[in-house]
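Please look through the sequence and the fold below before reading on. The questions that follow work from pairs of elements down to single residues.

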Amino acid sequence: MPSYITSIGTAVPENCIEQSSIADFMVRASQLNANEARKLRVLYRSTKIRKRYSVLNDYGKTENFDFYANTVDLEPFPSVSQRMLAYRQHALPLALNAVKAALTHNNDVSKIPNFTHLITVSCTGLYAPGLDIELVEALGLSRQVQRTSINFMGCYGAFNGLKMANTIVQADPQAKVLLVCIELCTLHFQKKTDDNYLLSNALFADGAAAVIIEGQPKRLSLEMQSFHCDLLFEGRNDMAWHVGDFGFEMVLSSYIPRLVKGGLGELMSHLQQNTTLPAFDFYAIHPGGRAILEAAENQLGLTPEDNRYAYEVLSDYGNMSSCTVLFVLQKLLQERTPKDKDKHIFSCAFGPGLTLETGIFKIAIS
């Protein structure tokens, strides 16, 4: 029995900050000289990101900070415990906004559905009892709802959540799964001036997405047809999360686009040899950064127009880790009409490992 994505809802924090303003904060926070500041601003412009969202309003300031210390060097720098406290404060409200958006789209907002399963995905915060239990209480879900938390997988985490939901619904067509991805990446700003940190500081942002997965389509839905993954061990040191003394430290090297291009080519070649692939009509690529999107286009033979949904999300939101590809899928679906029934979507995301995750979806109309 097939399973269907019947609704996607997204949410971002209220603090919308222009990319140029974030660059000003970074120049001040990292105490860069004039030449270093000029290079940083060039980097920020090259990302093609217009604005990003954060649960912190400090990134739109150069003084009078609320989260960071009001000292020249931002010392004492926030500890892991301070950042996790902020995560716990902000994660639930933002997640609830995403769930509300999904329910509104599904015409269920007046009554919370009887979800049988709840899956939460995050790589930017941890605590227990966790977000899953808080969502059960806040939404009034059954205390017997089956809960699963998927943590620390990075930008491809949404695919693991979708795969689990797909397995659940295929086993029980009456199941109704709520998947929630929540990422507060900006809590983990590091003021180190290594290229890895300068790049990650230029890309990441905060956001949440909620997905409802069921055994029957509702209006315009996505049938989840298949998922495929691969690992590029040679890239294990080029993209990684590490828990440091002052937050989660993101390693993001400039070599990643080359790895993605080669790895995606190998994966597609393997699929073409071993799987019957449909012709793809639309694409939902995780916008990990401009160079990654260009590498994926080059390998898949796409034009920027084919990849426009990813570019729009990158420009308007930046990289929100696991929930970002769901923003792209939602934007793609918003432009679909009944004439698109049975057309196919190819989607993919990349993360630590180096991991490649792909999903093939078919547009369904009830």
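Q: In this predicted model, how are helix α8 (residues 290-300) and helix α9 (residues 308-317) directed relative to each other?
A: Helices (H or I, at least four residues) and strands (E, at least two) are DSSP runs, numbered from the N terminus, and their axes are lines fitted to C-alpha atoms, for helices over the stretch in contact, with angles from 0 to 180 degrees between N-to-C directions. Helix α8 and helix α9 pack at an angle of about 175 degrees, with their axes 11 Å apart. Angles under 35 degrees count as roughly parallel, 65 to 115 as roughly perpendicular, over 145 as roughly antiparallel and the rest as oblique. Helices α8 and α9 are therefore roughly antiparallel.

Q: Which residues of α9 take part in the contact with α8?
A: Contact means that heavy atoms lie within 4.5 Å. On the side of α8 the contact is made by Arg290, Leu293, Glu294 and Glu297, and on the side of α9 by Ala310, Tyr311 and Leu314.

Q: What pLDDT must side-chain atom pairs have in order to count?
A: Residues are numbered from 1 along each chain as its sequence is written, and side-chain values use heavy atoms, with hydrogens and water left out. In this predicted model the totals for chains, interfaces and linings use all residues and local features need pLDDT of at least 70, whereas side-chain atom pairs count only at pLDDT 80 or more.

Q: Which strands stand at the edges of the open sheet of nine strands?
A: Two strands pair if DSSP finds at least two bridges between them, and the order in this sheet is β5-β4-β6-β7-β1-β8-β13-β12-β11, with mixed pairing. The twist averages 25 degrees from one strand to the next. Two of these strands each have a single partner, so one side of each is left without a neighbour in the sheet, and they are β5 (146-151) and β11.

Q: In which element is Ala210 found, and is it buried or exposed?
A: The place of Ala210 is strand β7, and its contacts, leaving aside neighbours within four places in sequence, include Ser7, Ala98 and Leu178. The C-alpha atoms of Ala210 and Leu96 are separated by 8.7 Å, although these residues are 114 residues apart along the chain. Buried means under 20% relative accessible area, exposed over 50% and partly exposed in between, using a 1.4 Å probe and protein chains only. With a relative accessible area of 0%, Ala210 in β7 is buried.

Q: How many residues apart in sequence are the parts that Tyr59 and Phe189 tie together?
A: Rings of Phe, Tyr and Trp (its six-membered ring) pair if their centres lie within 6.5 Å, and planes under 30 degrees apart count as stacked, over 60 as edge-to-face and the rest as tilted. The structure holds 20 aromatic pairs, among them the edge-to-face pair of Tyr59 and Phe189, at 6.3 Å centre to centre and 90 degrees between the planes. Both Tyr59 and Phe189 are buried. Tyr59 lies in the loop between β3 (51-54) and α3 (80-105) and Phe189 in the loop between β6 (177-184) and α6 (195-203), so the distance in sequence between the parts tied together is 130 residues.

Q: Over the face of which ring does Lys191 lie?
A: A charge sits over a ring if NZ of Lys or CZ of Arg is within 6 Å of the ring centre and within 35 degrees of the ring normal. One aromatic cluster includes Tyr59, Phe77 and Phe189. At 5.1 Å from the ring centre, Lys191 lies over the face of Phe77.

Q: Is Leu74 buried or exposed?
A: Leu74 is found in the loop between β3 and α3, and its phi is near 65 degrees, a positive value in a residue other than glycine. Pro76 lies in the loop between β3 and α3, and the peptide bond from Glu75 to Pro76 is cis, with omega near 5 degrees. At 0% relative accessibility, Leu74 counts as buried.
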